[in-house]
Amino acid sequence: PVLASAHERGCICLWSIQGDLMKELLPFSKYPSGPLTALCTDISSKMLLAGSKEGYIICWNIASFLEDSQNNRNQIKEKLCWRAHAAEVVDLFHEEEKNVVVTASIDGSVRLWYAMNGYYFGYFGQAREFELSDTSRLILPYDVSNFPAIIKEESKHMEKKLEYPLMLDRNK
């Protein structure tokens with residue numbers, strides 16, 4: 001068993017049930033996620049989803065890590081990041097049979113997304129029925145302008161490393 005906790009500084013910590021920190025995840029995508037406000041997994045715990053204060057949803061593949069967390073080659077891979085709401089995400093869940101993610105925001109909207117690529121199906125309360133079979137249409141809600149960012153396989157092992165070297169500026 002592993003416990004996941006979301007944090008104000010935008011990271012997720014994975015803990016053993018003994019209370020030892022196993023892994024710390026930072027979002028890789030180009031969009032800043034901000035403080036994380038909601039977490040969920042699919043039923044089989046292969047995907048970990050997080051919602052943020054800025055309205056983003058970040059998806060990680062955690063299956064290989066959970067199979068053998070002691071093996072350093074079993075990395076957690078960020079798969080997808082998309083802007084789901086213009087305001088804070090307060091709850092989300094993954095419905096595995098239809099492969100959809102349902103998100104709820106502080107603004108009162110509840111939206112439906114395709115889990116594989118972050119495509120928007122619609123919102124609860126809309127006049128038309130959800131068309132879950134068409135996963136190729138790339139539409140966005142009226143208050144979101146960023147398309148989903150799919151993290152490429154070749155960038156899966158890259159980590160954010162920031163260096164701030166000290167430099168002497170004689171003119172100052």
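**Figure 1. Aromatic pairs in the predicted model.** Three aromatic pairs are counted in this predicted model. In one of them, the ring centres of Trp-82 and Trp-113 lie 5.9 Å apart and the ring planes meet at 50 degrees, so the pair is classed as tilted. The two residues belong to distant parts of the chain, 31 residues apart: Trp-82 is in strand E7 (residues 77-83) and Trp-113 in strand E10 (residues 110-114). Trp-113 also pairs with Tyr-120, with ring centres 4.9 Å apart and planes at 50 degrees, so this pair is likewise tilted.

**Figure 2. The aromatic cluster and its burial.** Trp-82, Trp-113 and Tyr-120 make up one aromatic cluster. Buried residues are those under 20% relative accessible area. Trp-82 is therefore buried, at 1% relative accessibility. Trp-113 is buried too, because its relative accessibility is 0%. Tyr-120, at 8% relative accessibility, also counts as buried.

**Figure 3. The open sheet formed by strands E8 to E11.** Four strands, in the order E8-E9-E10-E11, form an open sheet with antiparallel pairing. Its edges are strand E8 (89-95) and strand E11 (120-123), each of which pairs on one side only. From one strand to the next, the twist averages 20 degrees. Trp-113 of the aromatic cluster is located in strand E10.

**Figure 4. The pairing of strands E8 and E9.** Strand E8 and strand E9 (residues 100-105) run antiparallel and are joined by six bridges. Within this region, Phe-93 stands opposite Val-102, a residue of E9. The strand E8 shown here is an edge strand of the sheet.

Figure 5. Over residues 82-113 the chain is 59% strand and 0% helix. The C-alpha atoms at the ends of this segment are 10 Å apart. Trp-82 and Trp-113 form the tilted aromatic pair described in Figure 1, with ring centres 5.9 Å apart.

**Figure 6. The surroundings of Ser-52.** Ser-52 is placed in strand E5 (residues 47-52). With a relative accessibility of 0%, Ser-52 counts as buried. A polar atom of the Ser-52 side chain lies 3.3 Å from the backbone nitrogen of Glu-54.

Notes: Residues are numbered from 1 along each chain as its sequence is written. This is a predicted model: local features need pLDDT of at least 70, side-chain atom pairs count only at pLDDT 80 or more; totals for chains, interfaces and linings use all residues. Side-chain values use heavy atoms; hydrogens and water are left out. Buried means under 20% relative accessible area, exposed over 50%, partly exposed in between (1.4 Å probe, protein chains only). A polar contact is a pair of N or O atoms within 3.5 Å; within protein, one must be able to donate a hydrogen and the other to accept it, and residues adjacent in sequence count only if both atoms are side-chain atoms. Two strands pair if DSSP finds at least two bridges between them. Axes are lines fitted to C-alpha atoms, for helices over the stretch in contact, and angles run from 0 to 180 degrees between N-to-C directions. Rings of Phe, Tyr and Trp (its six-membered ring) pair if their centres lie within 6.5 Å; planes under 30 degrees apart count as stacked, over 60 as edge-to-face and the rest as tilted.
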